[in-house]
Amino acid sequence: MGAIGTAPRVRKSYRVTKCVDSFYSGGALALSPDGITLAAANGDATSLVTMQNGEVARTLDGDTEPVTALCWDTASRTLWVASRSLTVKRYEASSGAELRSWKPR
């Protein structure tokens, strides 16, 4: 505390610390069979989280409808994402590239 009539000392520099990103807001979760990556539904997007350090490796964009189901292939290379719009998308986990999309007519 400063004396009466003097301004309090304000810190002007701060040390950078690691910040945890919010990657889960409730919904589907799927751990890859190799245990390295967690797929977490986050609204209409899907976050791929590295289990070793808890960082979001990439985010897969959705189709404006909430994600309802997630499924990995047995080799942990491909992720299937289903949404409320009845669309199913297949992604390559390492690049985040959409490989194929299915939607009922």
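User: What makes β5, β6, β7 and β8 an open sheet?

Analyst: In this predicted model, the four strands lie in the order β5-β6-β7-β8 with antiparallel pairing. The edge strands, β5 (67-72) and β8 (98-102), each pair on one side only. Strands here are DSSP runs (E, at least two residues), numbered from the N terminus.

User: How do you know that β7 and β8 pair?

Analyst: Two strands pair if DSSP finds at least two bridges between them. β7 (residues 88-92) and β8 have four bridges, so they meet that definition. Along this pairing, Lys89 stands opposite Ser101, and Tyr91 stands opposite Glu98.

User: And what joins β6 to β7?

Analyst: Five bridges join β6 (residues 78-83) to β7, and the two run antiparallel. Ala82 stands opposite Val88 in β7. These two strands form a hairpin with four residues between them, and Leu86 in the turn has a positive phi of about 70°. β7 and β8 form a hairpin too, with five residues between them; there, Gly96 in the turn has a positive phi of about 80°.

User: Why are Lys89 and Tyr91 called buried?

Analyst: Buried means under 20% relative accessible area, exposed over 50%, and partly exposed in between (1.4 Å probe, protein chains only). Lys89 and Tyr91 point to one face of β7 and are buried, so each falls under 20%.

User: Which residues count, and how are they numbered?

Analyst: Residues are numbered from 1 along each chain as its sequence is written. Local features need pLDDT of at least 70, side-chain atom pairs count only at pLDDT 80 or more, totals for chains, interfaces and linings use all residues, and side-chain values use heavy atoms, leaving out hydrogens and water.
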